[in-house]
Amino acid sequence: MAEQITPRAENYSDWYIDIVLRARLADYSPVKGCMVIRPRGYALWEKIQSGLDGMFKETGHQNAYFPLLIPESFMRKEAEHVEGFAPELAVVTHGGGEQLEEPLVIRPTSETIIWSMYKKWIQSYRDLPLLINQWANVLRWEKRTRLFLRTAEFLWQEGHTAHATETEAREETLRMLGVYKTFAEEYMALPVFSGAKSDAEKFAGAVNTYAIEAMMQDRKSLQAGTSHFLGQNFAKAFDVTFQNSEGGLDHVWATSWGVSTRLIGALIMAHSDDSGLVVPPRLAPTQAVIVPIFKNQNKAQVLEYAGRLHARLKESTSVILDDDDNNSPGWKFTEYEMLGVPVRIEIGPRDMEAGKAVLVRRDTGVKETVEIDRVPARVAELLSDIQNGMFEKARKFRDDNTFEVDSYETFKGMFEGEKTGGFARSPWCGNPECEAKVKEDTKATIRVLPFDNEKEAGGKRCLVCGEPARNVAIFAKAY
Ligand SMILES: [Zn+2]
């Protein structure tokens with residue numbers, strides 16, 4: 001039997017780590033704050049990569065690769081950027097046994113090195129737009145880490161685009177935010193709120209940061225992706241200009257956007273249960289498992305029957321046949337629940353004689369008996385039902401835990417002490433002092449300022465100071 005997972009109700013944090021370790025997704029590394037991504041975790045990352053990569057290419061982007069090491073002086077060229085990242089930088093001072101003339105930082109993000117190259121590549125409006133993405137690792141010296149959710153080194157993608165006009169760059173920023181929202185909802189079955197970040201929460205060096213935010217089962221928020229409008233900040237820092245169509249010289253407009261292996265943490269925290277991982281079928285490396293149930297006297301026939309089904313099902317589904325007889329069927333049921341395989345197919349001697357198989361859904365545990373010829377079609381239906389059902393369940397949970405809160409007393413009550421009362425939609429005047437007071441009093445922060453909510457704010461008064469509200473912000477405690 002697999003070791004027990006701590007129940008969510010008892011300790012949510014322990015439950016999460018138990019799943020990561022027992023489902024063999026990741027492990028602790030000898031270097032504090034780093035993680036080893038094990039094959040099962042990496043297979044999830046590959047599914048995330050392939051889904052997103054297809055969407056990036058459909059929107060006109062190409063992949064490239066830039067170096068891990070960045071001259072330290074590059075980081076200092078954009079004032080806000082260096083101020084934001086300085087505390088998290090790891091710096092290489094020696095190479096080949098000698099002290100380096102100029103220290104090199106290990107990339108915490110790649111704007112600086114990429115814009116130093118864009119200076120060489122962009123001369124004219126004909127060179128624009130430049131739409132590049134890279135899949136890479138980055139390093140940020142984090143002191144408090146948690147597998148997948150916050151680690152010093154992590155894997156991600158970072159898009160860096162260059163445009164001739166502000167309008168185009170702003171469109172790109174929101175287009176990629178839309179790509180992230182679509183991916184989160186349609187692949188990860190994760191409903192998200194999207195919108196702008198307040199100035200206090202935006203990316204160091206950005207003019208505007210936009211994000212998607214999802215609710216986890218402990219009702220905290222998790223930022224699942226960000227897209228930044230960088231204005232001309234990096235073009236000015238690296239002196240990247242182009243000849244416009246009228247013959248004049250302009251600075252280039254920029255965006256950057258990224259998601260990381262943090263998404264795997266989000267996937268676990270949003271959907272899994274006390275029996276283990278629950279994975280939406282579109283991201284499940286294995287979508288179905290066939291578990292034959294046999295005694296010695298009927299082993300050959302049951303395996304042959306199961307093998308025929310496996311061969312048929314393989315044409316349409318990512319399916320494995322577990323015919324290992326070192327483990328009992330009961331052990332296997334528990335194990336595949338732990339690993340989050342969306343559909344289990346049980347085949348015993350009686351099912352074989354009746355020409356049937358038993359299908360069990362991972363998300364609800366519901367069992368049904370199906371004619372063997374109908375299994376491939378029924379599995380396809382179930383995978384689609386599971387995908388939709390997981391999204392609807394997560395959306396209902398989020399909506400049931402999102403509240404309109406206009407009074408600061410009620411608001412404070414929601415987040416008092418250890419309480420993580422979900423999402424509060426509350427009016428805010430736009431003053432950073434009110435935002436800071438909320439954070440100090442409750443640890444809740446503004447997750448996003450949803451689009452087009454100025455109208456909603458009309459006539460309302462700021463939660464904290466009582467001045468006229470400019471936005472209705474979504475506040476929550478966050479990972
Ligand atoms: Zn205020």
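1. Cysteine 34 counts as buried because its relative accessible area is 17%, while cysteine 465, with 37%, is partly exposed. The cut-offs behind those words are under 20% relative accessible area for buried, over 50% for exposed and partly exposed in between, with a 1.4 Å probe and protein chains only.

2. Before going on, a word on what we have. This is a predicted model, in which local features need pLDDT of at least 70 and side-chain atom pairs count only at pLDDT 80 or more, whereas totals for chains, interfaces and linings use all residues. Residues are numbered from 1 along each chain as its sequence is written, and side-chain values use heavy atoms, with hydrogens and water left out.

3. Now the sheet with 11 strands. It is open, its pairing is mixed, and the order reads S3-S7-S8-S14-S11-S10-S9-S22-S23-S21-S20. At the edges sit strand S3 (62-63) and strand S20 (402-404), each pairing on one side only. Helices and strands are DSSP runs numbered from the N terminus, helices being H or I with at least four residues and strands E with at least two; two strands pair if DSSP finds at least two bridges between them.

4. Within that sheet, look at strand S10 (residues 208-215) and S11, which pair antiparallel over 8 bridges. Isoleucine 212, for one, has glycine 225 in S11 as its bridge partner. Helix H8 (residues 262-271) packs on the sheet and touches S10, S11 and strand S14 (253-260), with its direction at about 145° to that of S11. Helix H14 (residues 432-442) also packs on the sheet, touching strand S21 (423-428), strand S22 (445-450) and strand S23 (471-476), and its direction makes about 150° with that of S21. Contact here means heavy atoms within 4.5 Å; axes are lines fitted to C-alpha atoms, for helices over the stretch in contact, and angles run from 0 to 180 degrees between N-to-C directions.

5. Serine 227 lies in strand S11 (residues 221-231) and counts as buried because its relative accessibility is 0%. Its side chain reaches the backbone oxygen of threonine 173 at 2.7 Å. Leaving aside residues up to four places away in sequence, serine 227 touches a set that includes Met176, Leu177, Tyr210 and Trp257.

6. Glutamine 157, in strand S8 (residues 153-163), is likewise buried at 0% relative accessibility. Its side chain makes a polar contact with the side chain of tyrosine 180 at 2.5 Å and reaches the backbone nitrogen of valine 259 at 2.9 Å. A polar contact is a pair of N or O atoms within 3.5 Å; within protein, one must be able to donate a hydrogen and the other to accept it, and residues adjacent in sequence count only if both atoms are side-chain atoms. Among the residues that glutamine 157 touches, not counting those up to four places away in sequence, are Phe56, Trp135 and Trp257.

7. On to the nonpolar cores, each a set of buried Ala, Val, Leu, Ile, Met, Phe, Trp, Tyr and Cys residues joined through side-chain atoms within 4.5 Å. The largest has 60 residues, and Tyr16, Leu52, Phe148, Phe183, Met216 and Ile268 touch the most other members. H8 gives the most to this core, with 7 residues. A second, separate core has 28 residues, including Ile132, Ala162, Phe234 and Ala235.

8. The sheet of 5 strands is open too, with mixed pairing and the order S16-S15-S17-S18-S19. S16 and strand S19 (367-371) each have a single partner strand, so one side of each is left without a neighbour in the sheet. Neighbouring strands are turned by 25° against each other on average, direction ignored. S15 and S16 run parallel, joined by 3 bridges, and valine 289 has isoleucine 320 in S16 as its bridge partner.

9. Which strands does helix H9 (residues 299-313) lie across? They are S15, S16, S17 and strand S18 (356-361), and H9 runs at about 170° to S15. H10 lies across S15, S16 and S17, running at about 170° to S15.

10. Last, helix H10 (residues 329-339): its buried residues are Lys332, Phe333, Glu335, Tyr336, Met338 and Leu339. These pack against elements including helix H1 (12-22), helix H2 (39-58) and strand S17 (343-347). Just after H10, glycine 340 takes a positive phi of about 80°.
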